[in-house]
Amino acid sequence: MNLKVASVFVMFLIVGGFSYNLHNSFAYSPARKVAVHQNAMRELETPAMKPKNVKDLYPTHYFDQELDHFDMQNQEKWRQRYWINNATWTLGGPIFVEIGGEGTFSSRAVTNWMITNYAKTYGALVVALEHRFYGESQPLPSLSTQNLRFLSSMQALADLANFITTLKAQMGVPDAQVVTFGGSYPGALSAWFRFKYPHITLGSVASSAPVFAAMDFYGYMDVVDKSLASTAGEKCDSRIQLATDSINQLLKNDTGRQKLKDMFQVCVPLDGEKDIQTFVANLMGNFQGVVQYNGEGNPITIKTVCDMMNKGSDSDALLNYAAVNKLLLKSQKQKCLDCSYASQLRILRNTTLAAGMSGMRQWTYQTCMEFGYFQTTDSPNQPFGDKVPLKYYTDMCTDIYGFDFLPRVNETNVRYGGKNPRGASNIDFVNGSIDPWHVLSITRDYSETVTATFVIGTAHCDDMSQPEKVPPQMREAQMLIEAKIGTWLF
């Protein structure tokens, strides 16, 4: 889906990380990451879907949720937010559940996304559940590392199971069929829920779902490279490479670093290796965000930034790179580029619930514990250099939470199957070729009932947008997805 500081998810934080804030990986400064993801999620809406009194039409409900589903002696509960839209529900109809992720949820999840179109077709009730520790669904009074031990994908899936079965019983429809939906991290949750709780859900639509946990997600930048080249031509890539070479030369001395500070509107002087790594991560993050959400409503697209990079001659590459940065700063209403590693640590160490509304501390915790998803420059097949290695992220995990261990990605893949969900059924993995997250998803049919809808030329969670907001090939894919849902239900 908001995955965030020079951290991890240019994503993930989208619905549900598309959650809504993205998530959705932290590949650049926290404020920039969150701004990009929130803007992307707002673009899922259409004017006709924005009732003036939406809060009155679709009020917030609260569910008394278990704090720890795996400790039978722990009887603590907390209030988890959810929303319901019964406008299209018919007697005997199914329940469609939109899964929350690494950011704040709202009633828009049951009114503004493609799930509502599918619900009209099948007479479904639409329900959305906010993820524990995100938004206002806070189980505990702070986001201390000790409290975050209750934040995991396993607890989130158990939340869903408890919520769905209880809701069906309370509504008097214990036999209603359930289909889950989610995009980005929630897309993975949607697939995993079908895999782990097949007796509760009939099927899953898993949009842009990174079901394979990868410590070093160097493939992300490989796709950024390919997407830039395939959309705007090789010249754009080569200009970025030239700008990167110039930056590496200027970073070698104080005079050069001061020049870069001025050119790229850096807030404070670069102080040491970590600041330099953060600076480079932010600059490549400009292109990550544009590629990941290309064509999803934001006027800044791959064409926009590559047209800027391609101006003039090769000698203008660095100036053009700085111009792209200036454009992105302006679009996110930021006066300067925060490249202070210490500043990022202060933000991510803040354990207050108010600070936690962005989801950055929580999502970074999840990547440091379960997923990795660290978007490095460890691949030679991209033009952004080599100054953002895996150690940059693992050091961040240590510096924020005090961890002396690496993310347990192998356990995650063993638990959920990674790209080999043997025994699963009725899951459709939906991905766009431009979206870097498709590398960690399933892009070819795994079996007759675990299928892949791979759409060329589309971006992250694009299928969750309304048909009038997506390209023709995605509208065709949405029709296929709708038909697949029907094969599960009937």
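The side chain of N112 makes a polar contact with the side chain of T111 at 2.7 Å, a polar contact being a pair of N or O atoms within 3.5 Å in which, within protein, one must be able to donate a hydrogen and the other to accept it, and residues adjacent in sequence count only if both atoms are side-chain atoms. The model is predicted, so local features need pLDDT of at least 70 and side-chain atom pairs count only at pLDDT 80 or more, while totals for chains, interfaces and linings use all residues. Residues are numbered from 1 along each chain as its sequence is written, and side-chain values use heavy atoms, with hydrogens and water left out. N112 sits in the loop between strand 3 (95-99) and helix 3 (115-122); helices (H or I, at least four residues) and strands (E, at least two) are DSSP runs, numbered from the N terminus. With a relative accessible area of 2%, N112 is buried (under 20% relative accessible area; exposed is over 50% and partly exposed in between, with a 1.4 Å probe and protein chains only).

Turning to the strands, strand 6 (residues 203-207) has 5 of its 5 residues buried. In a regular strand the side chains alternate between the two faces of the sheet. Here G203, V205 and S207 point one way, and S204 and A206 the other. Strand 6 pairs in the parallel sense with strand 5 (residues 178-183) over 5 bridges, where pairing requires at least two DSSP bridges between the strands. V205 is the bridge partner of F181. Strand 6 also runs parallel to strand 9 (residues 427-432), joined by 4 bridges, and A206 stands opposite F429 there.

A search of the whole structure finds 3 disulfides, each a pair of cysteine sulfur atoms within 2.5 Å. C236 and C306 are joined with an S to S distance of 2.1 Å, and the link is left-handed, with -75° about the S-S bond. C236 lies in helix 7 (residues 234-250) and C306 in helix 10 (residues 302-309), so this pair ties together parts 70 residues apart in sequence. C267 is joined to C336 at 2.0 Å; the torsion about this S-S bond is about 95°, so the disulfide is right-handed. C267 is partly exposed at 29%, as is C336 at 28%. C368 and C397 have sulfur atoms 2.0 Å apart and form a left-handed link at -85°. By contrast, the sulfur of C339 is 7.1 Å from the closest cysteine sulfur, in C267, too far for a bond.
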